[in-house]
Amino acid sequence: IFRNIKHIFSARIASVGLAQSDKIIISSMLTLKDVANVENFTMITARIVKIVTAMFTTTYASIGNIIALNDKEKAGLVFRQLTAMYFLGGAILAFGFATFANGFIGLWLHDKGVTYPYLLVLLIAANMFIAILRSTYDSFLNAYGLYGDYPAAWTELGLNIVLSIVL
């Protein structure tokens, strides 16, 4: 049990680093205004992801029940169905975000002239899509108790830092 606690703790530290590394890298390379602009988008996408995952939290108990029954075929079917639902919902939300984000931010800040580079908006929309899609994987990993993949969290953090610096 202590080994699982170490793995969970390590993965949580990596996820905090993942969430905060973008801001640190952006602030070291760009101005405070640029950081605030990016934070406007990430705040919106974080709320969208939170709403989507909150809508599907009722399925977590079902996942646990299926795993407790040891029905691998049904667990695989539910996994594919949930992945498809998250994929479709995430794709629709990411497309909507990429389409309407500039207008929404301009309306929110009471400045119609505010526009951000479309590549930035697309990258943030892609990040939101991945965050929504990975909810299925996270719920099944937690339900199965597969906490030994903590190196994946550190790899994700490393990739995020490298890609943030390059992009």
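Because the model is predicted, local features need pLDDT of at least 70 and side-chain atom pairs count only at pLDDT 80 or more, while totals for chains, interfaces and linings use all residues. Residues are numbered from 1 along each chain as its sequence is written, and side-chain values use heavy atoms, with hydrogens and water left out.

**Aromatic pairs**

- The whole structure holds 5 aromatic pairs; rings of Phe, Tyr and Trp (its six-membered ring) pair if their centres lie within 6.5 Å, and planes under 30 degrees apart count as stacked, over 60 as edge-to-face and the rest as tilted.
- Phe41 and Phe97 form an edge-to-face pair, because their ring centres are 5.9 Å apart and their planes stand at 80 degrees.
- Phe41 belongs to helix H2 (residues 32-55) and Phe97 to helix H4 (residues 72-108), so this pair ties together parts that are 56 residues apart in sequence; helices (H or I, at least four residues) are DSSP runs, numbered from the N terminus.
- Both Phe41 and Phe97 are buried, where buried means under 20% relative accessible area, with a 1.4 Å probe and protein chains only.
- Phe56 and Tyr86 make a tilted pair, 4.8 Å centre to centre with 50 degrees between the planes.
- Phe56 lies in the loop between H2 and helix H3 (59-68), and Tyr86 in helix H4, so the pair ties together parts that are 30 residues apart in sequence.
- Phe56 and Tyr86 are both buried.
- One aromatic cluster is formed by Phe79, Tyr137 and Phe140.

**The largest nonpolar core**

- The largest nonpolar core has 27 residues; such a core is a set of buried Ala, Val, Leu, Ile, Met, Phe, Trp, Tyr and Cys residues joined through side-chain atoms within 4.5 Å.
- Phe41, Leu82, Tyr86, Phe97, Val121, Met128 and Ile132 touch the most other members of this core.
- At least two residues of this core come from each of H2, H3, H4 and helix H5 (118-144), and H4 gives the most, with 9 residues.
- Beyond its neighbours within four places in sequence, Phe97 is in contact with residues including Phe41, Ile44, Val121 and Met128; contact means heavy atoms within 4.5 Å.

**Helix H1**

- Helix H1 (residues 2-29) has 28 residues and reaches 40 Å from its first C-alpha to its last, close to the expected 40 Å, a span given by 1.5 Å times one less than its number of residues.
- H1 bends by about 40 degrees at Gln20; the bend is the angle between axes fitted to the seven residues ending there and the seven starting there.
- The buried residues of H1 are His7, Ser10, Ala14, Ser21 and Ile25, and what covers them includes helix H6 (150-166).

Conventions. Buried < 20%, exposed > 50% of the residue type's maximum accessible area, 1.4 Å probe, protein only.
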